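Please take the two views that follow together, the sequence and the fold, and read the paragraphs below beside them.

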Number of protein chains: 2
Amino acid sequence: MQLDLYYFQPLATNSARVFLALLEKGVNFTEHAMFGPHFDHLKPAYLAINPKGQVPTLVCDGDVLTEGMLINEYIDEAFDGPALRPADPLDRFAMRRWCSYAENDLGRAVMMINWNRVVPDIAGNRAPEEMEKLLENVPDPDRRRSWLRAFRQTTPPAEIEESHKRLIEGCRLTEARLARHRWLAGDAYSLADIDFMCFCGLIADWMPELMNASTTPATMEWLARIEARPAVRELRERTQGLLM
Amino acid sequence: MQLDLYYFQPLATNSARVFLALLEKGVNFTEHAMFGPHFDHLKPAYLAINPKGQVPTLVCDGDVLTEGMLINEYIDEAFDGPALRPADPLDRFAMRRWCSYAENDLGRAVMMINWNRVVPDIAGNRAPEEMEKLLENVPDPDRRRSWLRAFRQTTPPAEIEESHKRLIEGCRLTEARLARHRWLAGDAYSLADIDFMCFCGLIADWMPELMNASTTPATMEWLARIEARPAVRELRERTQGLLM
């Protein structure tokens, strides 16, 4: 099967989760790296593949697969290699619940805070009018509004404060889980660990006051276990030297 | 296994999808009907089970399961009865993609339009201040904002217009799919059909100009096939006489 992965460099969040799942399974794929600040994902060549302009996209013999969570379930079901989902239905539910939490709840809070920090920088030397025009072309209306608010720095402070509260609560919840289980879905490494690391692991770098060896020791040990995995080391090597 | 389902009456959207999956599998469960306009889901007894105050919740021998999509995958994996997901990985991907589309994309547009229509009615004889106070207690901030905007009728017209556009596009996409396939995920009835019927089937009633026998004949035939299923007829009987 011919597999083509369209992903963002530097590898993070939604792109990193799918890239890493393919590495963990040992699946061969053709890489199509795109660079976010160049707005490669809004150029006609990519919009012809994924009209929503969202990244990543996995193309399997011409079939276009979008949405990282669903792509990763497909990867685990379709290919040989180590299982990335627990067999027990209740553990598998827990895995999906943590994937969803990492992406949609805690990860959204991380992204809102991050966008407000980096979107103005992404503008680089572009004139504000040019940047506005680029952002007005984001096909998904919710995403477009979030990015425009971040660029204009008009995200309501109450919403940023909500996101901070979510981070505090999320770090506490995750620490409690990892104090009782080696991996998020139980005894085995799974898509839940991949997702949490990709969407929320960077809290340890950005907001070390929330995630650190004394406040969240189990989480820091879990992060170290993940970083030691061969597939994760390969992921890091692919990103080395590329800066946001 | 002791199963307790907490759901909203009248059965619709997220509650209906899980209720129907249990009926289709032939699983026995204890019913805990809650009534949305009474705000049963924000009362302490329910918040003790699901602190987010969202419905439905399935409790399995004390394990609390939330998020309809994930609950339904669990139900299909954990219990005997007819398979509600296709076996082929690519068909299964398509199933999940349609579930996600029905709930998060098209279904959100339907709900936004519906909330703007019904939330003011839900107020009933309550004073506006009382209603505001109830809505201020909705634990999820995004949901709280959406309901407050609907109650105050302050949803920006541009966002309502976006939702209308999504409905037009969604009805077209779905019709194209059902003109080629008997069920949304391919040859077999699946969670995708359950979700699309529960989240988007009501377009045919509410906006018959978008979904009708001449514009979307394949969709109307598919709806009739679903309504003829014994489990769906049982679902309808459970709701009969209950009005929103």
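A crossover is called right-handed if, with the strands pointing away from the viewer, the path from the first strand over the helix to the second runs clockwise. This is a predicted model, in which local features need pLDDT of at least 70 and side-chain atom pairs count only at pLDDT 80 or more, while totals for chains, interfaces and linings use all residues. Residues are numbered from 1 along each chain as its sequence is written, and chains are lettered from A and ligands numbered from 1 in the order in which they are written.

In chain A, strand 1, helix 1 (residues 13-25) and strand 2 make a right-handed β-α-β unit, where helices (H or I, at least four residues) and strands (E, at least two) are DSSP runs numbered from the N terminus. Strand 1 (residues 3-9) and strand 2 (residues 30-35) of chain A run parallel and are joined by 6 bridges; in this pairing, L5(A) has E31(A) of strand 2 as its bridge partner.

Chain B holds an open sheet of 4 strands in the order 2-1-3-4, with mixed pairing, two strands being paired if DSSP finds at least two bridges between them. Strand 2 (30-35) and strand 4 (63-66) of chain B each have a single partner strand and stand at the edges, so one side of each is left without a neighbour in the sheet. Neighbouring strands of this sheet are turned by 20° against each other on average, direction ignored; axes here are lines fitted to C-alpha atoms, for helices over the stretch in contact, and angles run from 0 to 180 degrees between N-to-C directions. Strand 1 (residues 3-9) of chain B runs parallel to strand 2 of chain B, with 6 bridges between them, and Q9(B) is bridged to F35(B) of strand 2. Helix 1 (residues 13-25) of chain B packs on the sheet, where it touches strand 1 and strand 3 (57-60) of chain B, contact meaning that the C-beta atoms of two residues, placed from the backbone, lie within 7 Å.

Turning to the interface, 17 residues of chain A are in contact with 17 residues of chain B. On the side of chain A that touches chain B, strand 4 (63-66), helix 3 (68-78) and helix 4 (89-122) of chain A each supply at least two residues, and the largest share, 7 residues, comes from helix 4 of chain A.
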